[in-house]
Amino acid sequence: MSIAAAPSPVTASAQHATDPLLEARGISKRFGPLLAVDQADLALRPGVHALLGENGAGKSTLVKILYGYEQADAGEILLDGRSVQVRSPADARRLGIGLVFQQFTLIPALTVAENIALFLPDLPPVLDQQKIGRRIRELSERYGLAVDPARRVGTLSLPEQQRVEILRVLLAGARVLIFDEPTSTLPAQEVDALFDVFRRLRDDGYPILFITHKLPEVFALADTVTVMRRGAVVDTVAIAEVNEEQLVQMMFGETPATVHRGEVHPAGTTVLSLAGATCLGEGRPLVDLDLTIAAGEIVGVAGVAGNGQRELADAIVGVSRIKQGRRLLLGADASRWSVRRLRDAGVAYVPERALAEELIWNMTLEENVILGSPGRYSHLGGLTVDRRTLKEDFSGRMAALGLELPDASRRAGTLSGGNAQRFAVARELARDPKLLVALYPTRGLDVPTAAAVQELLLAARERGCGVLLVSQDLAELTTLSDRLLVMRDARIVADLNPRTADPYEIGALMTGGEA
Amino acid sequence: MSAATFASIVAITLALTPSVLYATFGEIVGQRAGVVNLGIEGVMLIGASVGFATGIVTGNSYLGLLAGAGAGVAFNLLLALLVVGRGTNQLASGFALYFLGGGVSMLIGAKYVGRDLGGLDQISIPGLSGLPSPWDQIFRQDLLVWLMVPVAFALWWILFRTRWGLKLRAVGEDKNFSFAAGVHTRRVQCQALALAGGLYGLAGADLVLAYTKTWQDWGTAGRGFVAIAIVILALWHPVRAIFGALLFSAAVAVGIELQAQGSPISPFILDMLPYVVTIVVVLIWGRPKAFTVPAGLREVFAGTAK
Amino acid sequence: MSAIAAAVGFDGLGSWFDHHRRLTTALRWLGWATAGVLVYAVLILLYGKSPLHAFHEIWAHTLSSKFGLQDVAVRMTPLLFAALAVTIPARIGQVNVGGEGQIFAGGAGAAWVALTFTSWPAWLLLPAMAVGGMLGGGVWAGIAGFLKARGWLSEVFSTVLMNYIAILGVSALVFGPWRDPTSSNYPQSRELVPAARLPHVGASRVDITIFIALGLIVGFDWLLRRTRWGLEIRAIGGNPYAALRNGVPVSRYILAAMVIGGALAGLAGMGQLSALQFRLNPGLSASFGYMGFLISWLAGHNPRLIVPMTFLLAVLASSGDILQISQGLPSAIVTVLSATLMMIVLLARAGRRPA
């Protein structure tokens, strides 16, 4: 079965007849100056209901309010027609509302059964492993959620972990199921399996709400769709009565801006080369890896998270040791170089959450810049700090990268996540690097910030920098990359042309399954 | 080595083990709940001083054990107040507890320096005490020695087979997710620290009531810190902890026996042996495999969090 | 403070507090001092003595007399080094609980130099002893630092267990190969030659190493705030993961910090040996290492606060001895008081973060 299959055979008319099980009326929520949700109405009946909108449209916030994670400033929530208070996730679960987040909240060191047991409302003081195992297996079979109760969650793959999350909310007694971007971490084949699970649940009478920003999913699975834009509900329609263009109109209001790629560059000289490299670091070891990145090209890396991407970045940047094989930077043998030496030679790095992984939150922005290029801003081996050059750079190069920072003496921790990411990228690009390693640089960012970061990556490419872009956003990868690699099990299993590669082929390569 | 020497070493080892093992048990409970206690030594000293005082005043060493355990519970709850209640830095708070415990124990014990008491009775297992000398001394031990294995299994059962134990482990792995799952994390941590405190106090009281039978300032000689090291060696598992504690106690026992036999090796070098052995053993065998270290502790040792 | 004011309903007062931050800070310190004095008073009362009388004694014999202040200064000298030995690693996120052992190792190192090169003149012998002290303490701490830098063992365990090993080691030396044959009852080394004695400040008992300690504190503060090295140290202390990815050689800093910290503690040992005791014996350190840990935490690992906090603890220690002599109060009271103070400060600070 493919995602583009025909919509499910539930008659639209039958839905209108029943009363909504869970309803939100007039929900509003403000975060400081930002109105995240603006008088939203949502009604859930048995069937599959999609909540569609771009990043930042307010879908997540609305759903968090339904689950008690946030409190609405105005409006009410009704269950079975009666108004209820949902003050915490525990309240929500007691009322029968179940939510599966995008980021799983499982405890890796505990087993599947133990993780599920934590959620059970009626757990006896002495655990009955057999009984819990039995209940898990019953539901697994019923809904196609195969998983071994005795395994530690940390050893499970992401799709398996998602199944545990679903089993957890089901066993906790949920009557309504909400999923926040459930397919974001799944390759194509697993998405089909998940949708099959949704269909079985729906057939058993569960109302299902799933958040997404991907249109094909909406048409494949949902009976009804609610579109949100900038915090407000634009409309709620039955799938049978609407087409793709109309939904896009509702989502964006106007045609969305696309990132302009520019001409494809012929690749220049080789900037980085890993030859038969075996790397040991903090995570899994990489064995016998071959990789080249040329100047002025963006090499994308696709793959399910946890398959060696982080280790690859660590290996290139110098955090991991190269035990065998070689790492060549601009022709020089850099296999034994330290992180600092690699950086001085032109390697730059932007991690996923800059504020946690690359910037020092309790130091000022200025100090963070100095930290990134100590050779430039300090002399006498570290005795002095050159503040004047720093100020010039701030008003010169950083500004040229579109980053305006009136107050560079504020602490990095005061920046928002999105701004911190942009600052981190600008900081690295201001060093005029030859190679930029970007590890999930736009994950979690809202659309305008993500676009800004993507523009910066393209600008780097224009200036002749070689870029390694690791991302989970296949659209981003296919749009930006000149070459697309796929990683699986700490190996590079394919080198594709992003323009012509088939998403199913990529998905199969990512998971080792069949297309 | 003669049979008599060997039997003597074994007997002394067993007699010494509870004072380290129960402390290790306590720290396993505490660390699995996400709290590192650098001040075990202080709580042990409180348990020892209160236990000794009670033992002398009442004439009943078992009452002393109970009093020591109770004092340990109360004193360790100070750590709970600091770390769980207010979120202070765990290592610094533990250290303060160590210093405070040491000081208070000196004040309590001052009256009883130089006094002796009878101590806990030696209990023998009916069949085994009929063994020929020198082997019979191995099986004449106080109550806490015989309880070591049952307590280890009891703790294992509590941690892995009860609802409370599951909650405790969940809190130690990930406080935020546990909280989201509806666990009262603070309550669970306080309860864990109370149990741990009782175990620490028991360990301290055992040392003075069953072994030394006198009071000496700072008499626990670092066992509280050794316990933390043994927790790593035991991979946070109560039954495995027995072996680590036996190893440490054996090193002490060897030193004692050698000194008793008039060995030419400096007694101080012999006294060093247990600590060196502990460090070396933890270095060799103490590398945590995946999923053995409670994940919540990583922050504490990385120095980045509280 | 503003939170307290707001809680009591004085919102306007709360913002007044925000505006006058210096005053608020001063008030906060005053609050802690008051709490400390109260606890001391309670402890004294528990033993049936009059707190007011006791405080008067303390004042008379420590702060208002020349001898008293000298005594405080003498006590401060090793504590300043011990505190730095904790502060420097602490800024990199390392917890050095091994000051005590490092002092002993340093004392042993200095003693070895003094007992071996007995014919050297003072201007050669004393610096050599200092080097011996720094080597002893530095190597001792360096072992723990190395194990930590390699990721094999946390310094929290290694340093504290090595304390016991070091103290026993010194006892072994002093009861054994270095034993003074003329004093068979008391375990100590032979007496050091006159050339091995540190000069004192004027006619007092304070030795010149106190100036070295103060200089080092000022130097470290300057290093932290003004140099790139200080920036990198603060980066590691803030986020070691990020610091590594910025190219900071984290393992090198960890090792260096521990070695330097240990070396400073070793200097404290050398100072005690060479200025006050003139023989190596198991009483080299009266828990200076642990008190250094306390001081560093009280000071929030801020070099600028080390001197006042050391002064405070030195006064406390001095007061303990005075009250023991004059009132018969057990000196363990000071231990209890110091630990209680640390807890109070920890509690008070915990509410205020996350700056």
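Strand E13 (residues 298-302) and strand E18 (residues 466-470) of chain A run parallel and are joined by 4 bridges. Helices (H or I, at least four residues) and strands (E, at least two) are DSSP runs, numbered from the N terminus. One residue pair to look for is A:Ile298, whose bridge partner in E18(A) is A:Val467.

Before going further, please keep in mind that this is a predicted model, in which local features need pLDDT of at least 70, side-chain atom pairs count only at pLDDT 80 or more, and totals for chains, interfaces and linings use all residues. Residues are numbered from 1 along each chain as its sequence is written, while chains are lettered from A and ligands numbered from 1 in the order in which they are written.

Back to the sheet: it is open and mixed, with 6 strands of chain A in the order E16-E17-E18-E13-E19-E20. Two strands count as paired if DSSP finds at least two bridges between them. Strand E16 (347-350) and strand E20 (491-496) of chain A each have a single partner strand, so one side of each is left without a neighbour in the sheet. From one strand to the next, the twist averages 20°.

Two helices of chain A meet this sheet. Helix H10 (residues 309-317) of chain A lies across E13, E16, strand E17 (435-439), E18 and strand E19 (483-488) of chain A, at about 155° to E17(A). Helix H17 (residues 447-462) of chain A packs on the sheet, where it touches E13, E17 and E18 of chain A, and its direction makes about 150° with that of E18(A). Axes are lines fitted to C-alpha atoms, for helices over the stretch in contact, and angles run from 0 to 180 degrees between N-to-C directions. Contact here means that the C-beta atoms of two residues, placed from the backbone, lie within 7 Å.

Now for chain C. Its contact with chain A takes 17 residues from chain C and 24 residues from chain A. H10(C) gives the largest share of the chain C side, 6 residues.

The classes compare as follows; Ala, Val, Leu, Ile, Met, Phe, Trp, Tyr, Cys and Pro count as nonpolar, Asp, Glu, Lys and Arg as charged, and the others, Gly among them, as polar.

| Side | Classes |
|---|---|
| Chain C, touching chain A | 8 nonpolar, 5 polar, 4 charged residues |
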